[in-house]
Amino acid sequence: RIAAFSNNRAPKPGDKVVYIDGVFDMFNASHVRFIKAAKALGDFLYVGIHSDEMCRSKWGSSFPIMDLHERALCVLSNKYVDEVVLGAPWEVGTTTIQVLKIDIVCDGGLITKLSPSTLESNADSIRSKIYEHAIQTGKYVRVDESDESKSMARITLTSIISRIESSRAAFKKRQQ
């Protein structure tokens, strides 16, 4: 029962409903800052979490590191999250916005490597496709990082993996 881990409430009439989506793999401080900033824009926060299959199709067979249920439990442990949408669609379209009665669709601004040929340089065109309907209807908001988070290093899955790899290499060298 996933409801046991959520706040177990639905949006009330008049609530401003905010939606964010993502992978949320290796849940970290950057995720928390994004979720907190999105929640500040409304009264009720849905967090869409992409399926394992979707992640593999975009990033390759090694991802995600954590499975959907592990990622969902991490996200639900955040006090700003009201409910999760498991297996969220890649593109936030009309149906998602209408069914969930979404007022604001937030983008955290981080679009990472999607395939060997698609890099951050294509982020704006990728973003405009993913959030096309929200942009056209004026429901799109890009959440800028706060002054606090700008002073902190941005944590990404790539940076976490790099730290693990360098720590492992240093450990192996030390043990030799």
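Tyrosine 140 counts as partly exposed in this predicted model, at 21% relative accessibility. The term buried denotes under 20% relative accessible area, exposed over 50%, and partly exposed the range in between, computed with a 1.4 Å probe on protein chains only. Tyrosine 131, in contrast, is buried, with a relative accessible area of 5%.

The model is predicted, so local features need pLDDT of at least 70 and side-chain atom pairs count only at pLDDT 80 or more, whereas totals for chains, interfaces and linings use all residues. Residues are numbered from 1 along each chain as its sequence is written, and side-chain values use heavy atoms, with hydrogens and water left out.

**Aromatic pairs**

Rings of Phe, Tyr and Trp (for Trp, the six-membered ring) pair if their centres lie within 6.5 Å; planes under 30 degrees apart count as stacked, over 60 as edge-to-face and the rest as tilted. The count by this rule is three aromatic pairs. In one of them, tryptophan 59 and tryptophan 90 have ring centres 5.8 Å apart and planes at 75°, so the pair is edge-to-face. Tryptophan 59 belongs to helix α2 (residues 52-59) and tryptophan 90 to the loop between β3 and α4, so this pair ties together parts that are 31 residues apart in sequence. Tyrosine 131 and tyrosine 140 form another pair, which is tilted because the ring centres are 5.5 Å apart and the planes stand at 45°.

**Overall architecture**

Helices (H or I, at least four residues) and strands (E, at least two) are DSSP runs, numbered from the N terminus. Of its 176 residues, 39% count as buried. With contact taken as heavy atoms within 4.5 Å, 74% of the contacts between residues at least 6 apart in sequence join residues at least 24 apart. The chain exposes about 10100 Å², of which carbon and sulfur atoms supply 54%; such areas come from the Shrake-Rupley method with a 1.4 Å probe, and for residues only the protein chains shown count as cover.

**The sheet and its packing**

Two strands pair if DSSP finds at least two bridges between them. The five strands form an open sheet in the order β3-β2-β1-β4-β5, with parallel pairing. Strands β3 and β5 (140-142) stand at the edges with a single partner strand each, so one side of each is left without a neighbour in the sheet. On average, neighbouring strands are turned by 25° against each other, direction ignored. Helix α1 (residues 29-39) packs on this sheet and touches β1 (17-22), β2 and β4 (104-107); its direction makes about 160° with that of β1. Here axes are lines fitted to C-alpha atoms, for helices over the stretch in contact, and angles run from 0 to 180 degrees between N-to-C directions.

Strand β2 (residues 44-49) is joined to β3 by four bridges, and the two run parallel. Glutamate 83 lies in β3 (residues 83-86), and tyrosine 46 stands opposite it. The C-alpha atoms of glutamate 83 and asparagine 8 are separated by 7.7 Å, although these residues are 75 apart along the chain.

Glycine 87 is located in the loop between β3 and α4 (94-99). Leaving aside neighbours within four places in sequence, glycine 87 is in contact with Ile49, His50, Ser51 and Leu68. Its C-alpha lies 4.3 Å from that of serine 51, 36 residues away in sequence.

**Backbone features and cysteines**

Most residues other than glycine have a negative phi, and most peptide bonds are trans. The peptide bond from phenylalanine 63 to proline 64 is cis, with omega near -5°, and proline 64 lies in the loop between α2 and α3 (68-76). Phenylalanine 24, in the loop between β1 and α1, has a positive phi of about 60°. Lysine 101, in the loop between α4 and β4, has a positive phi near 55°.

A search of the whole structure finds zero disulfides, a disulfide being a pair of cysteine sulfur atoms within 2.5 Å. The accessibility of two cysteines is tabulated with that of other residues discussed above.

| Residue | Relative accessible area | Class |
|---|---|---|
| Phenylalanine 24 | 3% | buried |
| Cysteine 55 | 1% | buried |
| Tryptophan 59 | 26% | partly exposed |
| Cysteine 74 | 23% | partly exposed |
| Glutamate 83 | 18% | buried |
| Glycine 87 | 39% | partly exposed |
| Tryptophan 90 | 15% | buried |
| Lysine 101 | 64% | exposed |
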